[in-house]
Amino acid sequence: MATSRAANIVEKVGGDRGQATTAQDVSNPEKDPQQFADPSGEMMKALVWMGKNDVAIAQVPKPKIIEDSDVIVKVTGSTICGSDLHLYHGTILELQKGDILGHEFCGVVESIGPSVTKYKPGDRVVASFQIACGECTYCKQKLSSQCERTNDSKLQNALLGARTAGFFGYSHFTGGFAGGQSEFVRVPYAEVNLLSLPDNVPDEKGLYLSDVLATSWHCVVDTGVNKGDVVAIWGAGPIGQMCAEISFMHGASRVIVIDGGPAAWRLDFIKRRLPKVETIDFSQLGTGDGGGRESITSTLKKMVNNGYGPDVALECAAGEYAKGWAHYFEILLGAETDTSEMLNEMITSVRSFGRCGVTGVYSGFTNHFNIGALMNRGIRLIGNGQAPVHKYWEHLLSMIQTGELDPLHMVTHRFRLEDMDGVYRLFDARREGVQKVFIQTRFSKPPSQGSPPLSEVE
Ligand SMILES: NC(=O)c1ccc[n+]([C@@H]2O[C@H](COP(=O)([O-])OP(=O)(O)OC[C@H]3O[C@@H](n4cnc5c(N)ncnc54)[C@H](O)[C@@H]3O)[C@@H](O)[C@H]2O)c1
Ligand SMILES: [Zn+2]
Ligand SMILES: [Zn+2]
């Protein structure tokens with residue numbers, strides 16, 4: 001929180017905004033109703049960030065079209081993501097009270113800006129979590145998450161060396177855009193950032209093209225899973241689960257998923273859906289020969305190729321989840337932002353010249369990183385980046401249509417938008433049985449065939 005507030009001040013003092021070609025800091029229409037709210041005065045429900053571990057459902061003004069290429073989407077489906085937990089925990093910089101969250105949503109086009117010809121009111125669409133212009137150097141290569149024109153954050157530029165694209169519902173660090181855990185969303189550059197959903201793809205499947213499917217696919221192909229590879233995955237959440245499925249699709253001979261603590265049930269959950277997966281519960285590791293606890297690395301080495309270890313390691317957890325006290329306190333004291341525990345486990349576990357991909361979110365700096373192992377054994381450490389959804393989403397949509405890819409494998413619950421604050425609590429606690437959820441609004445159709453029925457949040 002303190003960091004977040006300080007960052008907001010730096011941003012204001014810096015005054016280096018103005019590079020973006022779309023309005024910034026439009027994270028809630030009530031900030032400037034004259035400029036951002038629908039003139040009808042119509043209100044809508046939205047999930048807003050109130051402070052660390054505090055979100056609430058609020059009545060806020062419905063957004064209006066403010067740029068020619070905008071579309072207003074009436075939301076019929078959204079969800080919560082591991083990335084939202086980083087906002088909830090306050091680890092992402094530059095959040096402001098009242099910001100509307102949510103970067104994964106689908107819906108129906110409600111109204112269009114004057115330059116929009118590709119879509120008309122009534123069309124069913126899904127949005128990418130990133131907002132891309134479609135024309136800059138990165139966008140031309142479909143590397144949409146790195147669009148140069150939709151995020152002005154000076155702080156991000158200073159900390160990361162360049163800016164990512166703007167993201168829906170993901171703090172002022174990524175442009176300050178209102179998100180999709182709401183009844184209506186304004187989508188800038190709508191022809192670029194929306195994808196049509198055909199009639200044979202229900203919301204309960206199409207929604208996940210926003211992020212998790214493209215992110216998992218990207219994690220696997222960007223890190224490089226080849227035929228016969230043994231793949232180890234840190235994190236059994238929705239991203240880890242889909243990475244396991246997609247690794248097999250790319251020819252992996254074995255996939256080993258690691259998780260533990262309150263989320264240990266997720267290992268059995270994934271195994272029920274994908275029986276050939278192997279699992280390690282880090283909280284149940286036995287005592288090693290030397291009398292100390294067995295480590296992830298020693299366990300993986302024993303399991304794979306007589307001590308060589310996996311070919312590929314995929315990080316699908318996040319840098320904020322410290323396991324040991326040392327990193328826990330270093331993060332708490334601000335001596336680092338992220339733990340290096342999982343990165344070190346990955347680097348020491350894989351075979352020499354093995355590959356490690358990082359898709360879980362890391363926000364800044366880490367201590368005690370095992371650079372020696374990386375250098376001496378030729379380990380390839382690959383930051384997968386915020387995933388460029390536009391590069392993959394058409395292909396993934398066609399895989400959903402043919403049935404090769406079924407997002408419902410990870411979807412366990414359907415909840416109401418009105419109960420979204422409670423959903424944050426459940427998802428954060430890794431409540432048993434809650435893997436990926438579908439959030440309905442008053443505009444949603446009844447659950448499609450094979451998708452979970454509506455549940456109450458306990
Ligand atoms: N790069 C991208 O574009 C992108 C997109 C979406 C999500 N993400 C990130 O991917 C990560 C996973 O997303 P998700 O929705 O599956 O999140 P999630 O929070 O539901 O799952 C993360 C899992 O990691 C586990 N974990 C924590 N510490 C661990 C450890 N030391 N070893 C093994 N497992 C551990 C947790 O118990 C949890 O089950 C998150 O960090 C999310 O922000 C990145
Ligand atoms: Zn997400
Ligand atoms: Zn661009």
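Helices here are DSSP runs of H or I with at least four residues, strands are E runs with at least two, and both are numbered from the N terminus.

**Ground rules.** I'm working from a predicted model, where local features need pLDDT of at least 70, side-chain atom pairs count only at pLDDT 80 or more, and totals for chains, interfaces and linings use all residues. Residues are numbered from 1 along each chain as its sequence is written, with chains lettered from A and ligands numbered from 1 in the order in which they are written.

**Whole chain.** I looked up the secondary structure and got 16 helices and 17 strands. The radius of gyration (over C-alpha atoms) is 21 Å, close to the 23 Å from the globule rule (2.2 Å times the number of residues to the power 0.38) for 458 residues, so the chain is as compact as a globular protein of that length. Its C-alpha trace spans about 70 × 50 × 45 Å along the principal axes.

I then checked burial, calling a residue buried if 20 or more other C-beta atoms, placed from the backbone, lie within 10 Å of its own. Of the 458 residues, 52% are buried. For contacts I used C-beta atoms, placed from the backbone, within 7 Å. Among contacts with a separation of 6 or more, 74% join residues 24 or more positions apart.

**Domains.** The bounds come from an automatic or database domain assignment. I have domain 1 as 2-211 + 388-440 and domain 2 as 215-282 + 293-383. Their centres, over C-alpha atoms, are 27 Å apart.

**Record check.** An unreviewed UniProt entry annotates residues 68-192 as "domain: Alcohol dehydrogenase-like N-terminal"; such annotations may be inferred rather than shown by experiment. I found that span to be 17% helix and 22% strand, with its end C-alpha atoms 13 Å apart.

**Ligand 1.** I counted a residue as near if its C-beta atom, placed from the backbone, lies within 6 Å of the molecule. There are 33 residues around ligand 1, and Gly82, Gly235, Gly237, Ala263 and Ala318 come nearest. Which helix supplies the largest share of the shell? Helix 3 does, with four residues. Helix 3 (82-88), helix 9 (238-249) and strand 11 (254-259) each supply at least two. Domain 1 and domain 2 each contribute at least three residues to this shell.

Notes
Buried ≥ 20, exposed ≤ 12 C-beta atoms within 10 Å, placed from the backbone. Contact = placed C-beta atoms within 7 Å.
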